[in-house]
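Visitor: I would like to go through this structure and ask what stands behind the words used for it.
Guide: Then ask as we go.

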Amino acid sequence: MTLLNRRGFLGVIGAATAATTLSACAGTGSDSDSGNGGAAGSGGGDSGTITFWSNHPGSSKELEQEIIAAFESENPDLKVNLVDGGKNYEEVAQKFNAALTGGELPDVVVVSDVTWFNFALNDQIAPLGGLFSEAGVDTGDFVDALLGDYVLEGENYGVPFARSTPLFYYNKEVWQAAGLPDRGPENWTEFAEWAPRIQDAIGEGKHAIAMYDGSNYIDWTGQNIIWDFDGAFSREWTPTFTEDNTIRGVEYVKQLNDDGFLVVSADSIVEFGSGLAACALASTGSLASAKTNAAFEFGTAFLPGAAEKNSCPTGGAGVAIPAGISDERKLNAMKFIDFLTNTQSTAKFSQGTGYMPVRKSAREAQEIKDYLAETPQAATAIDQLAHTRPQDNARVLVPNGGRRIGGAFDRVLGGADVRQAMQQVQDETAQIIDSQILPKLEG
């Protein structure tokens, strides 16, 4: 491979097209295909059975089963075995890693924004260009910004499936009591001005804002805050955790916590939906949960600063095909992926979960039109896609980057010195880039 920077291999984020769009048992097999990729797992399996490992993003297992039933109806010679791959993206990645060392490989596996790259870099998931052509997949219908997130050196290694951005959720009743305009803050500086009024309006024992904790994606939503202060986790392959502007962003989060305005938890939408927090940073995939559980009127808004600085990170997950399975299994897997993400399937999935439809054509599907009419908050996510930017390499392309950054946030919120915590993650990230990534990209 030749050495490429982040923008060189992650595709073009097209704002114009983006605007049309928007968290058990192993598979079976016996005969391996040793000629594909670097995977060590079993490449065997019944070619008529497609094993799909999923964490069911957005509590979507029933939706996945409905889509699978429709696929099997149209393809009577193929069956899909839906396997619980774990409770989140990281557990699916751990299960897949275990299979690569000698277990039985699935045909389709969920890969997140922070797990796909390492699998691609090590030739453990298959390049998809030839399979797109062979299966007749219309890649031009995918939202460019989402399909482009899985490109390495001009080749796709994943297909968008349960894709999201963070949203700013706010309780309109609290906003009214605080005398605030019916909108989100324009930037984080404005939110700091609003926070005392929000806190007074929501009352003692509650909090102005909820965010994910360090084990659950504050490293994702935190990018928006860091970017709003003109900082970054990294610039291309250079870690920048100790830059002054990055430090300012982390100190801002710490100040919210120290002032009693912030609560962090495994799922910020729970605090918000239960009325324990007046607003929250949470995934678009949490929209269905908020709509179901909130006993108050709520709105959604762009992330603070996103409109001005294009500081919204994309996120969520796609699906990939293991490199170490037979060509016949790969082709069947691609046929299923095409159906899983087609116009009607992505419209159904989006309507049921709040994740973004990944096909351009879905924006005009009647299901999406009806969904947006019933849930106007969902339109925010679609509109905000025009204000996204690629995530920093240090989070999504460095192995365990998100976990490492989240741990640093946890330490800071627990009282650790900001600069010391950031220096630790700076040193650890630089060491991994120099020893594990750059040699492969330069090789």
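Visitor: Why is Ser112 called buried?
Guide: The model is a predicted one. Buried means under 20% relative accessible area. Ser112 has a relative accessible area of 1%, so Ser112 is buried.

Visitor: Where is Ser112, and what does Ser112 touch?
Guide: Ser112 belongs to strand β3, residues 108–112. Leaving aside residues up to four places away in sequence, Ser112 touches Tyr89, Gly316 and Ala317. Ala317 is also the bridge partner of Ser112 in β15.

Visitor: What makes β3 a mostly covered strand?
Guide: Of its 5 residues, 5 are buried. Val108, Val110 and Ser112 lie on one side, Val109 and Val111 on the other, and both faces are covered.

Visitor: How do you know that β3 and β15 pair?
Guide: Two strands pair if at least two bridges are found between them. β3 and strand β15 (residues 315–320) have 4 bridges, in the antiparallel sense. One of the partners is Val319 in β15, which stands against Val110.

Visitor: How many bridges join β1 and β3?
Guide: There are 2 bridges, and the pairing is parallel. Trp53 stands opposite Val109 in β3.

Visitor: What is the order of the strands in the open sheet?
Guide: The sheet has 5 strands in the order β2-β1-β3-β15-β6, and the pairing is mixed.

Visitor: What makes β2 and β6 edge strands?
Guide: β2 (79–84) and β6 (159–164) each pair on one side only. On average, neighbouring strands of this sheet are turned by 25° against each other, direction ignored.

Visitor: Which strands of the sheet does α4 touch?
Guide: α4 packs on the sheet and touches β1 (49–54), β2, β3, β6 and β15. The direction of α4 makes about 130° with that of β3.

Visitor: Which strands does α15 touch?
Guide: α15 also packs on the sheet, in contact with β1, β2, β3, β6 and β15. Its direction makes about 55° with that of β1.

Visitor: How do you know that the length of α15 agrees with what a helix should span?
Guide: At 1.5 Å a residue, its 14 residues should span 20 Å. The end C-alpha atoms of α15 are 20 Å apart, so the two values agree.

Visitor: What makes α15 mostly covered?
Guide: In α15, 10 of the 14 residues are buried. Among them are Arg329, Met334, Phe336 and Leu340.

Visitor: What makes the contact of Asp107 with Arg329 a salt bridge?
Guide: A salt bridge needs a side-chain nitrogen of Lys or Arg within 4 Å of a carboxyl oxygen of Asp or Glu. The closest N and O atoms of Asp107 and Arg329 are 2.6 Å apart, and the pair forms a salt bridge. The pair links distant parts of the chain, 222 residues apart: Asp107 is in the loop between α4 (89–100) and β3, and Arg329 is in helix α15 (residues 327–340). Both Asp107 and Arg329 are buried.

Visitor: How far apart are the closest N and O atoms of Glu297 and Lys172?
Guide: They are 3.9 Å apart, and Glu297 forms a salt bridge with Lys172. Glu297 lies in the loop between α13 (287–293) and β13 (298–301) and Lys172 in helix α8 (residues 172–177), so the pair ties together parts that are 125 residues apart in sequence.

Visitor: Why does Lys172 count as partly exposed?
Guide: Partly exposed lies between the 20% limit for buried and the 50% limit for exposed. Lys172 has 24% relative accessibility, so Lys172 counts as partly exposed.

Note on methods:
Residues numbered from 1 in each chain as written. Predicted model: local features only at pLDDT ≥ 70, side-chain atom pairs only at ≥ 80, totals over all residues. Heavy atoms only, no water. Buried < 20%, exposed > 50% of the residue type's maximum accessible area, 1.4 Å probe, protein only. Contact = heavy atoms within 4.5 Å. Axes fitted to C-alpha atoms, helices over the stretch in contact; angles between N-to-C directions. Expected span 1.5 Å × (residues − 1).
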